[in-house]
Amino acid sequence: MSNEVAIIGAGMHPWGKWGHNFVEYGVAAAREALADAGIPWRDVGFVSGGATVRCGYPGYVAGATFAQALGWQGCEVNTSYAACASGSQALAAARNKILAGACDVAVVIGADTTPKGFLAPAGGYRPEDPDWVRFYLGITNPTYFALYARRRMDVYGDTLEDFAAVKVKNSLIGSKNPRARYRKCFTAEDVAASAMVADPLRLMDICATSDGGAALILCSAEYARRIGKADAPRIAAISTVTPSFASAVVEMPDIATDSAAAAGIEAHSFRAALPVKAYEEAGIGPEDVDLAEVYDLSTALELDWIEDLQLTPRGEAAHYLRRGDTAVGGKIPVNPSGGLACFGEAVPAQALAQVCELVWQLRGECGDRQVQGARVGITANQGLFGHGSSVIIKR
Amino acid sequence: MSQKPLAPAIEGWFTMDDQPRLIGTQCCACSTYFFPKQTRYCRNPDCDSTEFKEVELSRTGHVWSYTNACYKPPAPFVAAEPFEPYTLAAVTLEHEKMTVLGQVVTGVNVADLKVGMAMELVLEPLHETEDDIKMTWKWRPMADQGEQR
């Protein structure tokens, strides 16, 4: 189809806490992706980088930095910043460039090095900054994840055992993923023995931050045919919608939701809106999806995402989990990569890492982690300040 | 606590009386409420008003969800030494159709709360400085739970 772009290469630097410069991870991922595609670096006409902020230089971790490291060859560059959705926006920029006919091949790269210590806002007295306000009042990132988790418990009857079961499921499958940082199989007892961080979430319910790099090679359908990869996985949709007013769920870093008091205004869920646009764009529905990679910043959040993607009715994700339906071999496997539970979050790389997993799954190359017969995969993620994404890949 | 004077942790965000209320704004055109205050542009996509009036929000609502903080947050949070865990709640104000986060009063734990419980706004110390005691809003379960939601 003319409006589809092929993914002919995927690569990742293994996730971990390596302590190296982020550029190294990005270059390693890009070179692996180029080798996977079997094309030379000089064929790439566009480098699209997912950015993070370092030492006050937003965009340093970006397209041009990677292009220089790979060897400047005069291609065009782009840098996207969208918090956790940075990778998806970089992906969208590359797809648009190809669809506009401005280039045949693009590489999309995201990489990050874990900052030391807490992610904390700049100092001073700055009540105009919501991130400053919430930390001043004692509201950290786990606060939000825990609020969502506790609400599931009170409203849907989810239990601590359910949340632990998500960790157990993801650590079991992630133990078979050589690119994952954490490859130990954890038990429910391990989770229960870990320290309480924000009730009901324990340390092992919450994802860490990691070093890592991910890259994808995108090309036009014509170019894919020319190099004998006409059957490569294709991008069916990229949703990067904003929330709709009134956003009804209190989201990091805000201390209050929108008000839905005005006439004609209804309350909306941002997470639920992200895949809606993706399904529309792809012209498919949740019933067509074979697997999903979702942003499990916490174990409980994986259950929220499953419902937001409409893979189960609202409030029933834990029932599916208990039956094994969300494990590899089940009805709708979720996070066959091991998810953030096994990777830890490398912000500008993470949305691309999700797509890398879909590409390998759709090509049937995942060995012990393989979702049999996978043809359609969806990702979902959400970050700060109204950023989020959902990507659909099909073969 | 010492005999230092009481001061709001964030000036102008809530009243400092016995029956404290959060101070927000309301759009003069579409009636949307904002907390923290919005005074320059209305964020309702169907409204382009730039006129707002300051309003006091409802001081009671119902628990949307709740949790606690078992570890000391980073600055600008000012922690007591030794650090004492505290409870947090997101409370929905029915009239304003919005949910507001805040700490829960000292002595109330996660086990004491439930989604739907009736809560009211009170003031408690957030931290102490050289000159004064910085007060903030906190949520407290109402003595009369009435009809739970």
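**Notes on the predicted model**

1. The model is predicted, and chain A is divided into domain 1 (5-117 + 210-226) and domain 2 (234-394). The C-alpha centres of domain 1 of chain A and domain 2 of chain A are 22 Å apart, and the contact between them involves 32 residues of domain 1 of chain A and 30 residues of domain 2 of chain A.

2. On the side of domain 1 of chain A that touches domain 2 of chain A, at least two residues each come from strand 1 (5-16), helix 3 (86-99), strand 6 (105-112) and strand 9 (211-219) of chain A. Helix 3 of chain A gives the most to this side, with 7 residues. Sorted by class, the side of domain 1 of chain A that touches domain 2 of chain A has 19 nonpolar, 10 polar and 3 charged residues.

3. Helix 10 (residues 299-308) of chain A deserves a separate look. Of its 10 residues, 10 are buried, so helix 10 of chain A is largely enclosed by the rest of the structure. The buried residues of this helix include Leu301(A), Leu303(A), Trp305(A) and Ile306(A), and also Glu302(A), Asp304(A), Glu307(A) and Asp308(A). Helix 10 of chain A is followed by Gln310(A), whose phi is positive, near 65 degrees.

4. In chain B, 3 strands form an open sheet in the order 3-2-4, with antiparallel pairing. Strand 3 (33-34) and strand 4 (52-56) of chain B stand at the edges and have a single partner strand each, so one side of each is left without a neighbour in the sheet. Strand 2 (residues 23-27) of chain B pairs with strand 3 of chain B in the antiparallel sense over 2 bridges, and Gln26(B) has Tyr33(B) in strand 3 of chain B as its bridge partner.

5. Leaving aside neighbours within four places in sequence, Cys70(B) is in contact with Met196(A), Val197(A) and Ala198(A), and with Pro85(B). The C-alpha atoms of Cys70(B) and Tyr86(B) are separated by 7.2 Å, although these residues are 16 residues apart along the chain.

Conventions: Residues are numbered from 1 along each chain as its sequence is written. Chains are lettered from A and ligands numbered from 1 in the order in which they are written. This is a predicted model: local features need pLDDT of at least 70, side-chain atom pairs count only at pLDDT 80 or more; totals for chains, interfaces and linings use all residues. Two strands pair if DSSP finds at least two bridges between them. Helices (H or I, at least four residues) and strands (E, at least two) are DSSP runs, numbered from the N terminus. Domain bounds come from an automatic or database domain assignment. Two residues are in contact if their C-beta atoms, placed from the backbone, lie within 7 Å. Ala, Val, Leu, Ile, Met, Phe, Trp, Tyr, Cys and Pro count as nonpolar, Asp, Glu, Lys and Arg as charged, and the others, Gly among them, as polar. A residue is buried if 20 or more other C-beta atoms lie within 10 Å of its own, exposed if 12 or fewer, and partly exposed in between; C-beta atoms are placed from the backbone.
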